[in-house]
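Work through the following exercises with the model open beside you, and try each task before reading its solution.

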Amino acid sequence: MDAKASLGGLAAGLLSGDIEVVDLTAPLGPETPVIYLPPQFGKNTPRVKVHTISHYDQDGPFWAWNWLELGEHTGTHFDAPCHWITGKDNPDSTTDTIPPGRFVAPANVIDRSPEVRSNPDYLLTVDSIRQWESEHGAIEAGSWVLMRTDWYKRNGSDAEFLNADENGPHSPGPTADAISYLIDKGVIGWGVETVGTDAGSAGGMDPPFPAHNLMHKANRYGLASLCQLDRLPPKGAILIAAPLKIVNGTGSPVRALALTFR
Ligand SMILES: O=C(O)C(=O)c1ccccc1S
Ligand SMILES: [Mn+2]
């Protein structure tokens, strides 16, 4: 089918409702959980603050508007390659220079929610990805790989979402080898439902934080705090995730959406 016919089919499917638009985005506001790094690692990102300019009042009789204090890496957000030191010298590595064609792509959804339910420190391995491919088909170059964990159901509570104790955060993610495998497959990026693209134990991996270190070194992207991956098929959905065009931006909150079939 040529591109014009494909777009016509997409338009028809959207109008008929046969193609569903799924919101993969968490609510963004002062209650949004943000990552907490141990003080020895460095500074932390502030929480969202909303400041009223006017609300149909003496400061603006007919209009309402606010200004925000908002970290780039807050809520459902996009990680650009320059976010990590290993990616900083890549071409087109900032939110304002990444080619727009990278923001719309097929999505592979690997469901490990049963494993995560019984082990919050679950790590996705190369063998597990290969097993998934044997069931659902090969991961194509130019596609996203999203790890379904149902972790988004925790994001009404900081404590539950960050899930940290005296030993640090306990949340799922990929092994370094799994990220290397996906890079070699040519993926656009790696997306998760947890607060960051790495597992809670990633600080002790080799290299530390491999989903950041290796994926951004390879000039690929990350998506964190995604929601409702449980509404997507293993293959067949199209992900739309465009960061704000922040000049020299290292990332940005996004309204992540998926086009899928009923
Ligand atoms: O990119 C993020 O939001 C994230 O997860 C992160 C940010 C800064 C430092 C470490 C991490 S692990
Ligand atoms: Mn981030």
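**Exercise 1.** Determine how far an oxygen atom of ligand 1 is from an N or O atom in the side chain of His 77, and do likewise for His 73 and His 83.

*Solution.* In this predicted model, an oxygen atom of ligand 1 is 3.2 Å from an N or O atom in the side chain of His 77. The corresponding distance is 3.4 Å for the side chain of His 73 and 2.6 Å for that of His 83. As for burial, ligand 1 taken alone exposes 320 Å², of which the protein buries 86%.

**Exercise 2.** Describe where ligand 1 sits and classify the residues in the shell around it.

*Solution.* Begin with the site: ligand 1 sits in the largest pocket. Next, list the residues around ligand 1, which are Ile 35, Leu 37, His 73, His 77, Asp 79, His 83, Trp 84, Gly 196, Phe 209 and His 212. Finally, sort this shell by class, which gives 4 nonpolar, 5 polar and 1 charged residues.

**Exercise 3.** Characterise the aromatic pair formed by Phe 41 and Phe 209, and locate both residues in the chain.

*Solution.* The structure holds 6 aromatic pairs. One of them joins Phe 41 and Phe 209, with 6.1 Å from centre to centre and 85 degrees between the planes; since angles over 60 degrees count as edge-to-face, the pair is edge-to-face. Phe 41 lies in the loop between strand S1 (19-23) and strand S2 (49-57), while Phe 209 lies in the loop between strand S11 (189-191) and helix H6 (210-217), so that the pair links distant parts of the chain, 168 residues apart.

**Exercise 4.** Identify the backbone features at Pro 207 and Tyr 56.

*Solution.* Pro 207, found in the loop between S11 and H6, is joined to Asp 206 by a cis peptide bond with omega about 0 degrees. Tyr 56, whose place is in strand S2, has a phi near 55 degrees, a positive value in a residue other than glycine.

Technical notes: Residues numbered from 1 in each chain as written. Chains lettered and ligands numbered in written order. Predicted model: local features only at pLDDT ≥ 70, side-chain atom pairs only at ≥ 80, totals over all residues. Heavy atoms only, no water. Near = heavy atom within 4 Å. Polar contact = N/O pair within 3.5 Å; in protein donor to acceptor, adjacent residues only side chain to side chain. Areas by Shrake-Rupley, 256 points an atom, 1.4 Å probe, with all protein chains shown as cover. 1 Å grid on protein atoms, 1.4 Å probe; cavity = no way out; pocket = protein on both sides within 12 Å on 5 of 7 lines; lining within 4 Å. Sits in = over half its atoms within 2 Å of the grid points. Nonpolar A, V, L, I, M, F, W, Y, C, P; charged D, E, K, R; others polar. Phe/Tyr/Trp six-rings, centres within 6.5 Å; stacked < 30°, edge-to-face > 60°. Helix = DSSP H or I, 4+ residues; strand = E, 2+ residues; numbered from the N terminus.
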